[in-house]
Amino acid sequence: MNQYVMKIDKSSQYLMAVLLIIPMIMLVIGVYGGLMQTLFRAGIVQSDPFMGPDYYKGLTMHGVLNAIVFTTFFAVAFGNAVIPYALKMAMNMTWAWVSGILMLFGSLMAGIMIYIGEATVLYTFYPPMKAHPLFYIGLTLLVVGSWIGFFNWIPMYLRWRKENPGRKIPLSVVGIFVTFIVWLIATSAVAFEILFMLLPWSMGLVDEINVMLARTLFWFFGHPLVYFWLLPAYVMYYSYMSELAGGKLYSDGAGRLVFYLFIIFSIPVGTHHQYMDPSIGAEWKLLHGFFTFAVTLPSLITAFTLAASLEYAGRKRGGKGLFGWMFKLPYFEKDRWLFSYLITGLIIFIFGGISGIVNASYQMNTAVHNTAWVPGHFHLTVAGPVLLAFMGMSLYLLGKYLNKEVKMKGLSLSVPYIWMIGVFIFSWGMMRGGLIGMPRRTNTGPTYANPDSVLFQPEWISYIDISVVGGVIMTLSILIYAVVFFATVFSKKREGEPELTFPVSEAYHNEEVSWLRNFKPWIIVAIILIVIAYTPVILDVLGSTYGGSPRFDPNNPIPY
Ligand code: HAS
């Protein structure tokens with residue numbers, strides 16, 4: 001299939017270099033923090049050589065850099081590439097730079113605060129753990145920068161609709177817009193939490209904070225945050241994977257439906273993170289539970305649509321019988337190396353999704369909440385399909401925007417498979433340990449394998465050790481990736497001007513579906529569901545909390 005070729009100008013080239021390279025450095029630092037976590041938990045190290053002995057400091061760095069900074073930068077960078085490409089239109093570079101600079105500045109501010117020990121509050125920054133005001137301001141700038149990135153694409157979209165009446169919006173544009181619509185609604189709650197609660201409290205303007213209200217606002221944001229991570233990966237699965245596999249996307253309409261369903265179901269579900277919290281009525285937790293099962297629906301549709309697309313590709317490549325097509329996919333083909341990053345993520349997500357459904361079930365959640373099961377689950381999601389798709393696409397875009405050939409393609413092909421093995425071992429150790437009560441992110445002083453700790457259980461040790469093995473393999477994979485990435489950055493330029501192409505998939509079923517043409521009705525339904533799901537929750541929280549808690553420091557657990 002002939003793909004559209006977009007010329008890349010100098011300004012976009014420099015901007016994308018910043019947006020792709022700096023977060024990659026942050027990712028590597030964050031992954032180092034992850035390795036240190038596993039070694040620390042197992043008692044192999046007592047103190048991180050760079051971050052010191054504070055367990056929460058290293059864990060905050062790991063969570064914030066990997067889950068918030070790297071992902072947000074990537075989502076904006078990916079949008080900056082997809083939107084002009086798919087709409088065949090130039091982007092306003094001034095606003096694109098403003099967005100990038102704000103994100104960079106904010107991330108550095110938050111990162112420095114963590115590094116100097118002024119923000120050991122983990123990536124959920126729950127009060128009554130308190131950070132320096134600059135940490136909260138840094139995160140705010142990161143979010144505002146990402147909003148500006150999104151606002152910059154809206155006039156392009158409106159112009160395209162005006163110039164192309166009756167034409168379907170490209171599927172990748174629907175996906176990116178849904179990602180940022182969800183992000184905009186979700187971040188409004190955390191913006192309120194930061195501006196009106198955390199900042200005044202950390203600046204000393206007020207002495208106490210309503211912990212339950214802050215947690216509830218955080219989770220209003222926190223669950224859709226996971227779909228903000230997942231949706232760019234879905235854009236790649238729906239728009240590019242089938243072409244890379246040598247086939248067609250089974251149904252364009254299914255892809256659109258999936259994205260729109262995420263607008264309505266991503267947000268009214270946050271209380272499933274608070275099933276064990278007081279102050280919220282059981283009936284509202286049940287309601288959020290129902291919506292949580294509803295939000296699995298778009299992923300279940302995705303599983304079947306993508307499986308059908310891959311089957312089509314496998315059969316076209318000569319696969320026979322019920323499962324023969326699976327063995328014909330281009331798992332190890334150097335010229336389709338990006339496929340390996342996408343397929344491994346999908347395989348991991350089968351288990352990430354199943355463990356999410358376990359979490360969503362109230363009774364089972366009582367067994368796994370706040371145990372190591374939960375990081376086991378989220379490494380199979382955010383560190384599975386999300387991370388692998390983001391790493392693959394970062395490398396792809398780097399080659400295009402810097403006008404360089406991706407180096408060491410063979411080595412690059414090994415990265416997702418090594419990562420997949422590592423993350424399966426790691427998550428298995430964490431999840432099995434979690435099922436016998438091994439806690440998550442708890443400083444059992446100094447390690448999880450410490451017989452002197454009051455929390456220590458000898459049965460945990462083998463599972464801690466298994467997670468160390470997984471963690472080391474994952475780190476190895478990232479190191480190989482970093483070598484490939486930076487070898488590409490420092491390699492010689494290709495001849496000619498830089499150009500962007502994407503392997504856009506054709507659809508097997510490409511029928512027009514009139515009710516899948518517009519964002520507006522889905523946004524209206526989303527707002528109605530949010531009001532229904534959250535009004536009683538907020539009222540419960542406000543009615544049953546007296547409103548104030550003083551600061552708590554986990555390293556010095558005497559309230560002051
Ligand atoms: Fe989750 C906790 C429920 C998805 C991330 N989740 C977390 C936390 C994170 C996270 C970070 O209900 C911890 C937060 C914290 O710090 O406390 N999660 C779910 C549910 C889903 C789900 C129901 N989570 C995600 C995704 C994440 C993510 C996606 C990141 C990107 N999660 C929970 C709950 C908790 C939770 C509770 C709270 C736990 C607690 O108590 O603290 C669903 O969206 C999952 C639906 C997914 C599927 C899978 C579909 C499978 C596909 C693959 C198909 C494969 C193919 C390949 C086609 C139904 C699409 C074929 C292969 C060939 C070889 C051909």
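The following dialogue discusses how to read selected features of this predicted model.

Me: Which residues come nearest to the ligand, among those around it?

Reply: The shell comprises 34 residues, of which Tyr-123, Tyr-227, His-369, His-377 and Arg-440 come nearest. By class, the shell divides into 20 nonpolar residues, 13 polar residues and one charged residue.

Me: Which helices each supply at least two residues of that shell?

Reply: Five are to be named: H6 (211-245), H8 (282-316), H9 (337-360), H11 (373-379) and H12 (382-401).

Me: Which protein atom is the donor to the iron atom of the ligand?

Reply: In general, ideal angles at a metal are 90 or 180 degrees for six octahedral donors and 109.5 degrees for four tetrahedral ones. In this model the protein provides a single donor to the iron, NE2 of His-377, at 2.2 Å. His-377 belongs to helix H11. A polar side-chain atom of His-377 also lies 3.0 Å from a nitrogen atom of the ligand.

Me: What is in contact with Phe-502, apart from its neighbours within four places in sequence?

Reply: Its contacts include Phe-78 and Leu-397, together with Gln-3, Ala-81, Val-82, Tyr-85, Tyr-240, Met-393 and Tyr-396.

Me: Why is H12 described as largely enclosed by the rest of the structure?

Reply: The description follows from burial: 20 of the 20 residues of H12 are buried, so this helix is largely enclosed by the rest of the structure. Just after H12, Asn-403 adopts a positive phi of about 60 degrees.

Me: Is Thr-60 buried or exposed, and what surrounds it?

Reply: Burial is judged from relative accessible area, with under 20% as the limit. Thr-60 counts as buried because its relative accessibility is 0%. The residue lies in helix H2 (residues 55-87). Beyond its neighbours within four places in sequence, Thr-60 is in contact with Leu-65, Ile-114, Ala-119, Thr-120, Val-121 and Leu-122. With Val-121 there is also a polar pairing, in which a polar side-chain atom of Thr-60 lies 3.5 Å from the backbone nitrogen of Val-121.

Me: Is Lys-320 buried or exposed?

Reply: Lys-320 is exposed, because its relative accessible area is 66% and the limit for that class is over 50%. Lys-320 lies in the loop between H8 and H9. Apart from neighbours within four places in sequence, Lys-320 is in contact with Arg-315 and Trp-325. Its C-alpha is 31 Å from that of Val-423, a residue 103 positions away in sequence.

Me: How are intermediate values of accessibility to be read, for instance at Ile-357?

Reply: Ile-357 is partly exposed, with a relative accessible area of 32%. It is located in helix H9. Setting aside neighbours within four places in sequence, Ile-357 is in contact with Phe-293 and Thr-296.

Me: Which backbone features deserve attention, at Ser-279, at Asn-370 and between Pro-127 and Pro-128?

Reply: Most peptide bonds are trans, and most residues other than glycine have a negative phi. Ser-279 is not a glycine, yet has a positive phi of about 80 degrees; it is found in the loop between helix H7 (252-265) and H8. Asn-370, likewise not a glycine, has a positive phi of about 60 degrees. Asn-370 is in the loop between helix H10 (362-368) and H11, and is partly exposed at 42% relative accessibility. Pro-127 and Pro-128 are joined by a cis peptide bond, with omega about 10 degrees. Pro-128 is placed in the loop between helix H3 (93-115) and helix H4 (133-163).

Terms used. Residues are numbered from 1 along each chain as its sequence is written. This is a predicted model: local features need pLDDT of at least 70, side-chain atom pairs count only at pLDDT 80 or more; totals for chains, interfaces and linings use all residues. Side-chain values use heavy atoms; hydrogens and water are left out. A residue is near a molecule or strand if one of its heavy atoms lies within 4 Å of it. A polar contact is a pair of N or O atoms within 3.5 Å; within protein, one must be able to donate a hydrogen and the other to accept it, and residues adjacent in sequence count only if both atoms are side-chain atoms. Helices (H or I, at least four residues) and strands (E, at least two) are DSSP runs, numbered from the N terminus. Ala, Val, Leu, Ile, Met, Phe, Trp, Tyr, Cys and Pro count as nonpolar, Asp, Glu, Lys and Arg as charged, and the others, Gly among them, as polar. Donors are N, O and S atoms within 2.8 Å of the metal (3.2 Å for Na, K and Ca); water is not among the atoms, so sites may look incomplete. Buried means under 20% relative accessible area, exposed over 50%, partly exposed in between (1.4 Å probe, protein chains only). Contact means heavy atoms within 4.5 Å.
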